[in-house]
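Student: I would like to learn how to read a model of this kind. Can we go through it feature by feature?

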Amino acid sequence: MAAGAAEAAAAVVEVGSAGQFEELLRLRAKSLLVVHFWAPWAPQCAQMNDVMAELAREHPQVSFVKLEAEAVPEVSEKYEISSVPTFLFFKNSQKIDRLDGAHAPELTKKVQRHASSGSFSPSGGEHPKEDLSLRLKKLTHAAPCMLFMKGTPQEPRCGFSKQMVEILNKHNIQFSSFDIFSDEEVRQGLKTYSNWPTYPQLYVSGELIGGLDIIKELEASKELDTICPKAPKLEDRLKVLTNKASVMLFMKGNKQEAKCGFSRQILEILNSTGIEYETFDILEDEEVRQGLKAYSNWPTYPQLYVKGELVGGLDIVKELKENGELLPILKGEN
């Protein structure tokens with residue numbers, strides 16, 4: 001095992017200068033080249049170096065390179081390396097992909113995909129551009145309000161994205177987001193598509209509103225609330241959810257897989273009645289999970305609703321079944 005690890009480590013080349021890096025790009029032009037921009041002070045970089053060593057052992061046809069980001073600033077600046085670890089992927093001396101952050105499964109997937117994709121030609125005709133434009137159009141229209149940002153609303157990965165999320169949340173604006181770090185093609189393509197060179201970018205109904213400075217201006221002028229769609233109030237949302245179907249069960253898990261014994265038992269009872277019903281998995285939405293307790297004044301799950309009205313939990317449903325009252329209630333006769 002020690003010999004194998006040594007071979008894997010040896011397969012990762014360390015580069016110490018911009019000249020060395022450019023020379024390596026030329027020498028390895030015909031193969032996939034994966035470059036890890038790292039820093040010795042970052043423990044997540046050490047972990048990803050271990051992942052790279054393992055990938056080097058599994059993919060001997062791929063060239064793996066370590067480059068200390070702060071030691072070779074001209075290369076880091078050229079490729080907009082603002083955090084470590086960051087991975088760049090090259091073929092034919094052209095950058096074809098990027099991964100920001102210590103995401104071992106995603107790194108593995110990207111290496112496998114690019115290693116098996118054959119030779120890459122950046123001038124592959126007009127069709128890929130058309131496909132990208134179509135994809136960007138779909139993404140910008142994916143929700144009434146779409147935020148393209150670095151990271152996620154829960155974990156923004158730059159200060160501007162963090163400020164944008166805070167403003168949208170403060171104004172109770174309902175939005176979906178796309179992490180541009182997860183897709184280099186989208187990251188670069190959207191700049192051209194929207195003629196806007198930086199991130200974050202906010203779109204409403206597929207139209208670019210702007211970046212952080214524009215949103216701050218709209219907030220100051222009180223226009224933001226009129227442009228962006230508001231998130232429904234929780235009480236309104238719960239009313240819609242409890243009326244989504246004639247019989248609605250709020251449970252841990254779903255029809256196919258209950259995730260607690262009480263939920264499983266109530267499923268068995270409902271299934272035995274032959275009545276159609278829908279379920280909502282409270283484990284998937286913490287806001288609904290906590291809010292419904294207050295809305296219904298019922299502290300536990302599962303909760304069964306008929307025509308928007310709470311019937312009760314497992315004990316109540318068991319009693320109704322034993323008394324012969326459950327079926328009429330489910331049918332809306334009581």
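Student: What does the protein average in pLDDT?

Tutor: This is a predicted model, so confidence comes before geometry, pLDDT being the predictor's confidence in each residue. The average here is 87, and 92% of the residues score at least 70.

Student: Over which residues does pLDDT stay under 50?

Tutor: One such stretch is residues 1–10, for which the model has five contacts beyond four places in sequence. Residues 119–130 also have a pLDDT below 50, again with five contacts in the model beyond near neighbours in sequence.

Student: In what order do the four strands of the open sheet lie?

Tutor: A sheet is read from strand to strand. The order is 7-6-8-9, with mixed pairing. Strand 7 (176–179) and strand 9 (207–210) are the edge strands, each pairing on one side only. On average, neighbouring strands are turned by 30° against each other, direction ignored.

Student: How many bridges join strand 8 to strand 9?

Tutor: There are three, and strand 8 (residues 201–204) runs antiparallel to strand 9. Within strand 9, L208 is the residue opposite Y203.

Student: Which strands does helix 7 touch?

Tutor: Helix 7 (residues 159–170) packs on the sheet through strand 6 (145–149), strand 8 and strand 9, and its direction makes about 160° with that of strand 6. Helix 8 (residues 184–194) also packs on the sheet, touching strand 6, strand 7, strand 8 and strand 9; the angle between its direction and that of strand 8 is about 60°.

Student: Is L147 buried or exposed?

Tutor: Buried means under 20% relative accessible area. L147, located in strand 6, counts as buried because its value is 0%. Leaving aside neighbours within four places in sequence, the contacts of L147 include M164, V165, L168, F178 and L202.

Student: What lies 3.0 Å from a polar atom of the T140 side chain?

Tutor: That is the backbone oxygen of K137. Not counting residues up to four places away in sequence, T140 touches M146, F148, L190, Y193, Y203 and G206. Y203 is the residue that stands opposite L208 in strand 9.

Terms used: Residues numbered from 1 in each chain as written. Predicted model: local features only at pLDDT ≥ 70, side-chain atom pairs only at ≥ 80, totals over all residues. Heavy atoms only, no water. Polar contact = N/O pair within 3.5 Å; in protein donor to acceptor, adjacent residues only side chain to side chain. Contact = heavy atoms within 4.5 Å. Pairing = 2+ DSSP bridges. Helix = DSSP H or I, 4+ residues; strand = E, 2+ residues; numbered from the N terminus. Axes fitted to C-alpha atoms, helices over the stretch in contact; angles between N-to-C directions. Buried < 20%, exposed > 50% of the residue type's maximum accessible area, 1.4 Å probe, protein only. pLDDT = per-residue confidence, 0-100.
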